[in-house]
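User: I would like to go through some of the labels used for this structure and see what each rests on.

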Amino acid sequence: MTKYKYALFLMIAFCTSCAQNQSEGKKIIINSENKGVITSYGPKWITRNIIQDRKGNIWIAAFDGIFRYDGKSFTNITSKVSSARFFSVLEDSKGNLWFGSIGSGVYYYDGKSFTNFTTGDGLINNRVSCIYEDKAGNIWFGTENGASCYDGKSFRNYWMKGGVNDIIEDKTGRFWFAAWNNTFVYDGKKFTIFTHNGKPFKNVRSIIEDKKGNTWLGGVDGLWRYDGSTFTNFTQKSVGHIIEDKKGNIWTSSESADSPAWDGSRTGNIQSWALTRYDGKSLSDKKPTVTEITNKGMIFGISEDDKGSIWFGAFDGVHRYDGKTITDFKDKKGQK
């Protein structure tokens, strides 16, 4: 049995409070009759993140905008707001939406108007890679310089070398930060580096807590599950994104089984990535059942909708797998 070990985290990350007064941000109001461009097709460019809101709409963060899909058509709702490349999207507990961009900070959308928060309002960095809401209703932003926590009035910043790829709060109230340099656990008082056999988990791209309370980590060292005492490695191939579906299956975007070893770059071997499913009923077996659904140039964010279909982003837009076929939502006239 592998013994779990924490290492003290000193001088790498620290907290600083900023924007002491309420942050108003820059408000952008769009005419209600012309909120965006409506099309029959989805994004044409890199799609990084996908969610489904409480009304059943699919929201897509892509390099050519934020798209809303109502089951019939797509609306690029940021086409008249920003030309930024979007990386992340979150619906908060109040039904409002948050969009993280690369270079233009965060956009808050209440269904009527947008508010843009940047470093001028206290955000730690304008390159926002992930967004997360904790149990207390605070909104967290993972950025190139670390993490920002927004309580509705001001930002509290946590500087981390190398930037933050993902953030979660576990069932015990501890926060996990997947950063390029290390993976950190924060108990509200101190940060520790998460290690296995004395080796830190570097460049973890995704962290989730499953229904049983296990922590899953995916990154350049592969896919790992930690149950509080024991580590299990499911693949040593590089993993980008992880979700658990309603049936308890684990889905990843990862290097294909027949791809060469990771080449050491941030993008990995971009020509041989796959959407992969680990059967939930076999996760305790020595050799769990693993199925590669599709092999594409690169696969990014993954999400399950209320019908059980799996949505995933790629270099060429958004795709949906319904258990039998994959739909690509491309512009049939303008794209090949």
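Analyst: This is a predicted model, in which local features need pLDDT of at least 70 and side-chain atom pairs count only at pLDDT 80 or more, while totals for chains, interfaces and linings use all residues. Side-chain values use heavy atoms, with hydrogens and water left out, and residues are numbered from 1 along each chain as its sequence is written.

User: Why is Phe-194 called buried?

Analyst: Buried means under 20% relative accessible area, exposed over 50%, and partly exposed in between, with a 1.4 Å probe and protein chains only. Phe-194 has a relative accessible area of 0%, so Phe-194 is buried. Tyr-226, at 5%, is therefore buried too.

User: What makes Phe-194 and Tyr-226 an aromatic pair, and of which kind?

Analyst: Rings of Phe, Tyr and Trp (its six-membered ring) pair if their centres lie within 6.5 Å; planes under 30 degrees apart count as stacked, over 60 as edge-to-face and the rest as tilted. Here the centres are 5.4 Å apart and the planes make 70°, so the pair is edge-to-face.

User: How many aromatic pairs does this rule give?

Analyst: The count is 41.

User: What makes the charged end of Arg-85 sit over the ring of Phe-63?

Analyst: The rule asks for NZ of Lys or CZ of Arg within 6 Å of the ring centre and within 35 degrees of the ring normal. For Arg-85 the distance to the centre of the Phe-63 ring is 5.1 Å, and the charged end is listed as sitting over that ring.
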